[in-house]
Amino acid sequence: MEIFIILPVLCALTLLLLIGGRNAKQLNIVFMVADDYGQACLCIVIRSDDIYPHGALLPQQAVCSPFNKPFLPQYLKKLGYETHAIGKWHLGFCKWECTPTYRGFDSFYGFYQGAEQYYNRTVAGGKDFRDDKQPIMPDTTKYSTYVYADRARKVISQHDKSKPFYLYFPFQSVHEPIEVPVSYENMYSNIKNEGRRKYSGMVTAMDDLVGNVTAALKENGMYDDTLFVFTADNGGWPLYHGNNYPLRGGKVTIYEGGTRATAFISGKGLEKTGYTYNGMMHAVDWMPTILSAAGGTPEKDIDGIDQWESLRTGAPSKRTECIYNLDDMNPPLQGHAAIRVGDYKLIEGYPGLYPGWYKPETETINLQTKQNYINTTNDERYPKQGNVKWLGRELYNLKDDPYEHHDLSLSHLDIAEELSKKMAEYHKQMIPANSPKGSVASNPQNFDGYWSPGWC
């Protein structure tokens with residue numbers, strides 16, 4: 001991987017900036033998002049007239065990301081960019097208007113759902129792979145990172161260099177299922193736990209994929225004019241060998257282990273480089289930040305904040321607070337509600353699965369044992385500490401206690417009340433989630449075995 005080192009936190013992003021340079025030419029931009037590798041806040045407050053999905057979309061649900069808010073590539077097209085997406089979509093597909101080439105991308109190569117198999121490209125009983133709109137099936141003996149590397153080389157080599165280039169690369173890796181070529185697994189023979197050994201191999205395969213992208217850009221004379229952004233969608237998933245230690249929790253929680261992301265930014269356009277940026281940044285900030293880097297002007301009435309000037313020069317963050325989640329569904333599987341203002345973070349209600357601190361797996365661990373642990377009741381799994389109950393409150397000072405060991409909700413009652421009132425104001429703006437039941441019309445057997453648009 002050409003551009004590395006990491007450690008940002010989402011809702012308190014620690015961001016490593018490397019290799020700068022700036023001129024009037026529009027930047028090429030490569031935006032890479034690792035899956036289940038380290039996270040942004042999953043659910044955000046939405047201000048709009050539409051109804052938004054709840055959590056991760058299931059294949060059978062007739063819903064997609066709403067149409068009244070343009071996607072980043074739609075803005076970039078107006079600035080003259082050629083736009084490409086490779087990898088995981090997972091923003092809805094029940095009708096064509098939901099899919100990538102209708103949402104601003106000139107090309108798409110990847111799959112619509114989540115949790116896809118890395119070799120046979122199936123999920124939930126259906127095949128799922130597209131070249132633009134065309135259902136295809138790449139070589140099922142070929143691991144997905146190799147397939148995506150081939151596509152990346154193709155779109156880069158064929159790019160018209162008189163135009164700026166945007167590549168959105170939402171990686172399949174390192175989401176379960178835990179699959180990787182044995183050559184990668186063997187790199188970690190010192191790790192006794194099979195799942196953790198394979199997971200480590202998957203990370204290296206992803207790393208090599210990034211290396212292939214940077215090599216292709218160099219070969220095509222585009223590397224020196226490219227800005228690279230690497231981040232993740234959420235924390236590692238303890239059930240599937242992800243690890244966030246010493247942070248608390250993991251994917252599907254609103255503890256820091258589920259909501260801090262690994263990230264870096266590197267390349268063209270940066271004035272201050274070679275340092276760790278400690279300003280607060282939320283996942284929704286990437287859209288206006290990247291648009292600003294491309295020379296555009298972000299809209300004002302959105303949740304995201306343009307952080308380009310802060311990241312480019314090392315100036316203080318423009319963000320002082322963020323919402324981790326607001327979820328009124330029952331149960332709130334990924335945590336009910338949390339907010340951060342300055343150094344303080346308030347959690348209200350159920351915080352989601354994985355409430356503990358999970359060290360990396362070094363020995364063989366039975367997955368069923370871990371699943372049984374997750375399925376135990378809240379009271380069995382998590383002893384009450386002081387006034388903390390699952391429908392109660394937790395308050396942490398993340399500057400002094402980033403690992404969330406010391407609940408301050410009783411000793412700092414005034415701060416807890418202040419943050420609770422602020423979160424209630426955000427709650428008034430929230431659009432109710434839309435989580436319809438599955439539709440039999442989605443059945444892949446209606447579409448030659450593929451998950452396909454055309455049924456809603």
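I looked up how helix α2 (residues 144-157) sits against helix α4 (residues 194-219): the two pack at an angle of about 15°, their axes 9 Å apart. Axes here are lines fitted to C-alpha atoms over the stretch in contact, with angles from 0 to 180 degrees between N-to-C directions. That angle makes α2 roughly parallel to α4, a term for angles under 35 degrees.

I note that this is a predicted model, in which local features need pLDDT of at least 70 and side-chain atom pairs pLDDT 80 or more, while totals for chains, interfaces and linings use all residues. Residues are numbered from 1 along each chain, and side-chain values use heavy atoms, without hydrogens and water.

Next I listed the contact (heavy atoms within 4.5 Å). From α2 come Thr-145, Tyr-148, Ala-149, Ala-152, Arg-153 and Ile-156, and they meet residues of α4 including Leu-209, Val-213 and Leu-217. I sorted the residues of this contact into 10 nonpolar, 2 polar and 1 charged.

Then I turned to the largest nonpolar core, which has 39 residues. A core is a set of buried Ala, Val, Leu, Ile, Met, Phe, Trp, Tyr and Cys residues joined through side-chain atoms within 4.5 Å; buried means under 20% relative accessible area with a 1.4 Å probe, protein chains only. Among the members that touch the most others are Tyr-148, Ile-156, Phe-169, Val-213 and Leu-217. The largest share, 10 residues, comes from α4.

I checked Phe-169 separately. Beyond its neighbours within four places in sequence, Phe-169 is in contact with Phe-31, Met-32, Val-33, Ile-86, Tyr-148, Ala-152, Leu-209 and Val-213.

Notes: Helices (H or I, at least four residues) and strands (E, at least two) are DSSP runs, numbered from the N terminus. Angles under 35 degrees count as roughly parallel, over 145 as roughly antiparallel, 65 to 115 as roughly perpendicular and the rest as oblique. Ala, Val, Leu, Ile, Met, Phe, Trp, Tyr, Cys and Pro count as nonpolar, Asp, Glu, Lys and Arg as charged, and the others, Gly among them, as polar. Buried means under 20% relative accessible area, exposed over 50%, partly exposed in between (1.4 Å probe, protein chains only).
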